[in-house]
Amino acid sequence: MLDVSNHTSLPPRPGVGYKPQHYNDIMRDPGPVAWLEIHAENYMGDGGRPISQLRHLAERFPVSVHGVGLSIGGEGTLDPDHLARLKHLVGWLNPASFSEHLAWSTHDSHFYNDLLPLPYNAATLARVAAHINQVQDTLGRRMLLENPSSYLAFAESSMSETDFLRELVQRTGCGLLLDVNNVFVSATNLKTSPQAYIDDFPLDAVGEIHLGGHDEDEDETGATLLIDSHGKPVVDPVWALLDYTLAKSGPKPLLIEWDTDVPEWPILCAETERAAMALAPA
Amino acid sequence: MTVSQSDFTASMLDPAASVPSGLQNPDGAAASKRFNVYRNNVAVSLSDALETAFPVVRKLVGDQFFRAMAGVYLRKHPPKSPLMMFYGAAMPQFLSRFEPAKSVPYLPDIAKVELALRHAYHAADTKPLDANALAAVAPDALMRTRLKIAPAIQTITSPYPIHAIYRANTVADASKPIMQPEALVVTRAGFDPEIHLINAAAASCIDALAQGQSLGEAMAVADDTLDLGATLGVLLAQGAVTEIY
């Protein structure tokens with residue numbers, strides 16, 4: 001099929017999670033938005049408006065394909081049908097980047113539509129590394145793996161998340177997608193330091209940064225429980241953590257994610273303007 | 001202390017189940033409310049996907065009923081694929097056996113209409129046959145001709161007025177449904193699927209054509225209430241015929 005994209009890498013500038021309701025706004029005036037990210041699964045139909053819009057967008061913008069359904073952290077084997085659909089999409093679109101999550105969502109042939117957590121130890125490391133190798137071999141390209149939002153810890157974990165990710169990079173050659181909001185959410189929930197996490201993160205492997213909003217709740221002990229919802233503006237402490245990260249990493253492709261209660265374009269665009277300022281401080 | 005993914009999912013889908021031991025809060029205590037984040041995310045995201053997929057079913061039964069029904073459905077039929085745009089395929093069959101919905105007997109068929117519209121929305125793009133191509137077929141060859149039907153095209157036949165009920169819940173000033181059997185065909189001329197009122201004979205004729213039978217064979221399948229001219233008229237006008245052979 002026709003290769004619609006000549007955009008071979010994501011620029012170190014703001015991008016936005018694409019929502020169909022913003023199509024006309026983005027095509028008319030994208031503001032500081034230099035690239036777009038789509039959820040792979042929404043473009044696995046046979047045709048129609050979604051695929052047509054994506055073709056038009058890809059002629060104009062570098063596109064990042066972000067999968068939410070591959071279940072790389074799953075105990076079982078990767079779903080061959082889903083992998084084949086992904087290969088087809090990546091094949092015709094030739095996106096600037098492909099990324100997925102350090103999480104699982106499918107078990108025993110059921111898909112739960114959420115990013116579920118896994119323990120970090122030698123057994124899970126071997127399994128996740130094998131899955132990443134399989135994905136990279138199938139797609140014929142390097143993928144980025146995203147750090148999760150954590151709400152709880154596994155007693156059986158024997159490694160830190162940063163050590164786990166660093167080891168995956170070494171074993172598979174994959175890159176990382178650093179979600180700074182997830183770092184803040186996990187550190188708050190697990191009572192650790194978000195700066196220490198960034199200090200220990202293999203920033204050289206980072207190909208993309210995510211920023212999004214979260215909800216605030218508390219657990220039964222009264223401890224703060226942040227929930228990664230992608231339904232609000234990015235909060236100030238997360239912008240500050242971004243500054244801390246960029247000071248160490250240098251500019252990176254920087255995505256604003258807003259997936260629920262999606263606002264009108266001007267509000268989303270304002271978030272990307274703030275992202276542009278963070279990338280190029282005065 | 002290992003928590004298998006089977007343990008995790010079993011507890012996640014059953015709000016009354018205990019949280020698997022081995023999941024902890026930062027102080028090393030059991031992570032009960034924290035585990036509920038996953039319970040809630042899964043139930044809400046699947047329920048939201050069903051609301052998006054079945055807006056007319058939801059309108060007919062009301063928000064509260066729909067939420068409760070979705071809660072039962074998502075536990076009985078969790079998705080089998082990550083393609084959430086097709087989630088809910090078992091809804092017509094589920095509704096036909098769902099006791100609290102028995103008083104709305106046309107609900108399963110309305111769910112079929114909504115599934116067909118979603119299927120059509122994501123169906124492969126096709127190029128419509130030139131409008132004059134069928135007219136150019138010699139009269140003695142016409143009944144042997146086969147029509148290739150676009151993948152978006154689906155028919156639904158019901159003992160209830162599904163076309164009128166669907167319209168009454170989606171179009172302002174639509175006429176009030178009269179309790180009578182109806183059939184419809186879903187088409188997609190551009191990117192937006194549409195429904196068209198036909199009769200049961202036209203539906204069986206279209207189904208036969210889509211299965212590769214000739215015009216003559218498809219006519220024979222239908223009873224004498226078939227208006228072949230009108231049926232072909234709808235198909236051609238909606239770009240539903242892509243080839244003749």
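## A buried leucine in chain B

Leu74(B) is buried, having 23 other C-beta atoms within 10 Å; a residue counts as buried if 20 or more other C-beta atoms lie within 10 Å of its own, as exposed if 12 or fewer do, and as partly exposed in between, with C-beta atoms placed from the backbone. This is a predicted model, in which local features need pLDDT of at least 70 and side-chain atom pairs count only at pLDDT 80 or more, while totals for chains, interfaces and linings use all residues. Residues are numbered from 1 along each chain as its sequence is written, and chains are lettered from A and ligands numbered from 1 in the order in which they are written.

Leu74(B) sits in helix 4 (residues 63-76) of chain B. Helices (H or I, at least four residues) and strands (E, at least two) are DSSP runs, numbered from the N terminus. Leaving aside neighbours within four places in sequence, Leu74(B) is in contact with Ala43(B), Leu46(B) and Ser47(B); contact means that the C-beta atoms of two residues, placed from the backbone, lie within 7 Å. Leu13(B) is 61 residues away from Leu74(B) in sequence, yet their C-alpha atoms are 9.0 Å apart in space.

## Chain B as a whole

Chain B has 11 helices and 6 strands. Its radius of gyration is 23 Å, well over the 18 Å that the globule rule gives for 245 residues, so chain B is more spread out than a compact globule. That radius is taken over C-alpha atoms, and the rule is 2.2 Å times the number of residues to the power 0.38. Along its principal axes, the C-alpha trace of chain B spans about 85 × 35 × 30 Å. Of the 245 residues of chain B, 39% count as buried.

## The open sheet of chain B

Three strands of chain B form an open sheet in the order 3-4-5, with antiparallel pairing; two strands pair if DSSP finds at least two bridges between them. Strand 3 (154-158) and strand 5 (194-198) of chain B stand at the edges with a single partner strand each, so one side of each has no neighbour in the sheet. Strand 3 and strand 4 (residues 182-187) of chain B are joined by 5 bridges, and Ile156(B) has Leu184(B) as its bridge partner in strand 4.

Helix 6 of chain B lies across strand 3, strand 4 and strand 5 of that chain, running at about 175° to strand 3. Axes are lines fitted to C-alpha atoms, for helices over the stretch in contact, and angles run from 0 to 180 degrees between N-to-C directions.

In chain A, 8 strands close into a barrel in the order 1-2-3-4-7-9-10-13, with parallel pairing. Strand 1 (residues 14-17) and strand 13 (residues 254-257) of chain A are joined by 3 bridges, and Pro14(A) stands opposite Leu254(A).

Strand 11 (residues 214-218) and strand 12 (residues 224-228) of chain A pair in the antiparallel sense over 5 bridges. These two strands form a hairpin with 5 residues between them, and Gly222(A) in the turn has a positive phi of about 90°.

## Where the chains meet

Which element gives the largest share of the side of chain B that touches chain A? In total, 39 residues of chain B are in contact with 37 residues of chain A, and helix 2 of chain B gives the largest share of the chain B side, 11 residues. The residues on this side divide into 23 nonpolar, 12 polar and 4 charged. Here Ala, Val, Leu, Ile, Met, Phe, Trp, Tyr, Cys and Pro count as nonpolar, Asp, Glu, Lys and Arg as charged, and the others, Gly among them, as polar.

Strand 8 (residues 153-154) of chain A and strand 1 of chain B run antiparallel, joined by 2 bridges.
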